[in-house]
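Me: I have a structure open and some labels to understand. Could you walk me through what stands behind them?

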Amino acid sequence: QVQLVESGGGLAQAGGSLRLSCAASGSIFRVNAMGWYRQAPGKQRESVAVMSSAITSGGGTNYADSVKGRFTISRDNAKNTVYLQMNSLKPEDTAVYYCYGAIVAPEGASRYRNLEVWGQGTLVTVSS
């Protein structure tokens, strides 16, 4: 079993900062892309920031236009952990933030399967 466990959500004032963390655990061969999505009340889930694997895809990042210049995604590959540093928070950043991982898991001798794993979500509330 592979799981993602998030931490770091909570309440912040507009203009403040929060840092989210997400650690992958379980039977893992390799973690490819990791990232963060969010879902605000009454809205669809949207991509916030995604970072590809440094080994397989060069470690590139992709940010939603709404967070560029304010949010920074980073990874600690040794710990299979991804972070989201959120600065200059706005009330419209209020949402449940979900961690995402594209993970390769071993299935036996030289056999692997590709998984898309989601965390349980962590609530970020930004007050004005």
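Reply: Happy to! Let's begin with a term: a salt bridge is a side-chain nitrogen of Lys or Arg within 4 Å of a carboxyl oxygen of Asp or Glu. Please keep in mind that this is a predicted model, where local features need pLDDT of at least 70 and side-chain atom pairs count only at pLDDT 80 or more, while totals for chains, interfaces and linings use all residues. Residues are numbered from 1 along each chain as its sequence is written, and side-chain values use heavy atoms, with hydrogens and water left out.

Me: What makes aspartate 93 and arginine 70 a salt bridge?

Reply: Their side chains meet at 2.7 Å, N to O. The limit is 4 Å, so the pair qualifies. Aspartate 93 lies in the loop between β8 and β9, and arginine 70 in the loop between β6 (61–63) and β7, 23 residues apart. Strands here are DSSP runs (E, at least two residues), numbered from the N terminus.

Me: Why is aspartate 93 called buried?

Reply: Buried means under 20% relative accessible area, exposed over 50%, and partly exposed in between (1.4 Å probe, protein chains only). Aspartate 93 has 0%, so it counts as buried. Arginine 70, at 10%, is therefore buried too.

Me: How do you know that glutamate 107 and arginine 113 form a salt bridge?

Reply: The closest N and O atoms are 3.7 Å apart, so they fall within 4 Å. Glutamate 107 also bridges to arginine 111, at 3.9 Å.

Me: What makes glutamate 107 partly exposed?

Reply: The relative accessible area of glutamate 107 is 40%, which lies between 20% and 50%, so the label is partly exposed. Arginine 113, at 41%, gets that label as well, and so does arginine 111, at 45%.

Me: Why do β1 and β7 stand at the edges of their sheet?

Reply: Two strands pair if DSSP finds at least two bridges between them. The open sheet runs β1-β3-β8-β7, with antiparallel pairing. β1 and β7 each have a single partner strand, so one side of each is left without a neighbour in the sheet.

Me: How do you know that β3 and β8 pair?

Reply: They share 6 bridges in the antiparallel sense, and the definition asks for at least two, so they count as paired. Leucine 18 stands opposite methionine 86 in β8.

Me: Which residues does leucine 84 contact?

Reply: Contact means heavy atoms within 4.5 Å. Leaving aside neighbours within four places in sequence, the partners of leucine 84 include Leu18, Trp36, Phe71 and Tyr97.

Note on methods
Helices (H or I, at least four residues) and strands (E, at least two) are DSSP runs, numbered from the N terminus.
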